Amino acid sequence: RIIAFGAHEAQLPGALSPSADFVGGPLRLVPFVLSGAAGVVARVGDTFERELLERGMAGADTALAAQEAFGLAVEHARYLTVHDLAAMMAMQYEHAGLAPLWPLLETALLEPDGEAWLDAAPEPLVRYAQGEARIAMFTPAAWHARYAADMPNDTEDGRERQYRQHRHFEARQRQIAAVLAAHGVAVNFVHCDDAERAREALL
């Protein structure tokens with residue numbers, strides 16, 4: 001079975017049209033699927049998983065054809081399996097300081113019906129399930145109980161340090177929400193006024 005999508009007036013239909021927010025990014029993907037008899041596909045898939053990352057550099061003619069077809073400069077063109085791509089993305093997120101978020105994001109992308117948690121202080125508390133990421137929005141008292149219980153606040157310096165840490169936490173929440181939204185994951189902030197029952201609030 002072959003399914004083909006066409007463009008009209010240089011636009012793909014509906015949600016297939018790439019977001020203009022990501023124009024100019026350094027990584028461009030052209031997805032394709034190899035199909036065939038189940039036994040053959042399994043053998044080819046196993047071979048790809050073992051060897052494609054090391055031997056998958058596209059030929060010069062392919063890179064030049066892509067450059068001409070898409071009107072952009074191609075520095076490296078290679079074939080990747082979806083698992084290779086996930087591993088590469090995980091590495092990029094690690095370099096960006098977002099490694100704790102990757103398992104949750106990987107679940108959202110590769111197992112949309114699955115469930116995953118980001119529950120590792122000092123990171124925000126996030127649960128992914130049913131296609132949605134729910135982020136705990138702590139009250140100041142609940143945040144203090146969960147993240148700063150051992151931090152003294154009986155001096156001006158202690159209060160200032162705690163304030164800075166709370167501001168950093170809020171910025172991290174916004175960053176995580178933006179990354180999830182950029183991948184098409186719905187984000188919902190959930191009010192949480194009890195640090196010990198925070199996970200329950202996200203269920």
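A salt bridge is a side-chain nitrogen of Lys or Arg within 4 Å of a carboxyl oxygen of Asp or Glu. In this predicted model, Glu160 and Arg164 form such a pair, with their closest N and O atoms 3.6 Å apart. The two residues are four apart in helix H6, so about one helical turn separates them. Glu160 is partly exposed at 35% relative accessibility, and Arg164 is partly exposed at 47%.

The structure holds nine salt bridges.

| Pair | N to O distance |
|---|---|
| Glu115 and Arg127 | 2.9 Å |
| Glu156 and Arg159 | 3.4 Å |
| Glu160 and Arg164 | 3.6 Å |

Glu115 and Arg127 meet through their side chains. Glu115 lies in strand S1 and Arg127 in strand S2, so the pair ties together parts that are twelve residues apart in sequence. Glu115 is partly exposed at 46% relative accessibility, whereas Arg127 is buried at 14%. Glu156 and Arg159 both lie in helix H6, three residues apart. Glu156 counts as exposed, at 54%, and Arg159 as partly exposed, at 41%. Asp119, Arg146 and Arg199 are linked in a network of salt bridges.

Strands S1 and S2 and helix H6 also pack against the buried residues of helix H4, as does helix H3. Those buried residues of H4 are Trp102, Leu104, Leu105, Thr107 and Ala108.

Phe32 sits in the segment before helix H1 and is exposed, with a relative accessible area of 55%.

The domain assignment gives domain 1 (1-80) and domain 2 (98-202). Their C-alpha centres lie 35 Å apart.

Conventions
Residues numbered from 1 in each chain as written. Predicted model: local features only at pLDDT ≥ 70, side-chain atom pairs only at ≥ 80, totals over all residues. Heavy atoms only, no water. Domains from an automatic or database assignment. Buried < 20%, exposed > 50% of the residue type's maximum accessible area, 1.4 Å probe, protein only. Contact = heavy atoms within 4.5 Å.
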